[in-house]
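Hi,

Here is the structure I promised to pass on. My notes on it follow below.

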Amino acid sequence: TQKDNKIVCSLSNVDFFRLARLYPDGMMDRDFGNEGVTMADFKEQYTYCRNVALHADGRLTVVGYVQDSLESLHAALAQFLPDGTLNMDFGNNGKITTKSRLPSATGLDIAVQVDGKILIVGKQSYEDYGNEDFIVLRFEENGTIDEKFGVEGIVTTSFGGTFESAK
């Protein structure tokens, strides 16, 4: 819920990250995006939207993951301005994937720190089925990885089990 009590919902329909915004009474806020709905197209085979975080200035950052044509998963972020348009100053025209940093990772949850930095948590998968580690990544407000966090912006932790992830 935003400061004005409007409700933001993240939607996943395999093709795009989508957000919808509703008034407190449940009616669609038609001033947001395109008639109340906005989207980010990663141009991948599949997309999965998992969660959304609200920034103090009204920006919205969505986390999830994309699946490419080779069936590899990559954590993904998209950021929207308060009116529902993509924030073109964030990442690569409003979007980021971890394709170049992590071979197979999913973003499952997101938080915005007081200083505006963005934390995402999820899992890193490996080729042997079930071998997964807990991951945390931190990004600067503009979408670049925070190289001072963990090892080049990433913390990977194994708790000794299988199918590990964070939420």
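N93 is partly exposed because its relative accessibility is 42%, with buried meaning under 20% relative accessible area, exposed over 50% and partly exposed in between (1.4 Å probe, protein chains only). This residue sits in the loop between β6 and β7 (95-97) and, although not a glycine, has a positive phi of about 55 degrees. Strands here are DSSP runs of E of at least two residues, numbered from the N terminus. E35 has a positive phi too, of about 60 degrees, and is not a glycine either. Its loop runs between β2 (17-22) and β3 (37-40), and at 44% relative accessibility E35 counts as partly exposed. Most residues other than glycine have a negative phi.

A word on provenance: this is a predicted model, where local features need pLDDT of at least 70, side-chain atom pairs count only at pLDDT 80 or more, and totals for chains, interfaces and linings use all residues. Residues are numbered from 1 along each chain as its sequence is written, and side-chain values use heavy atoms, leaving out hydrogens and water.

Best wishes

Technical notes
Helix = DSSP H or I, 4+ residues; strand = E, 2+ residues; numbered from the N terminus.
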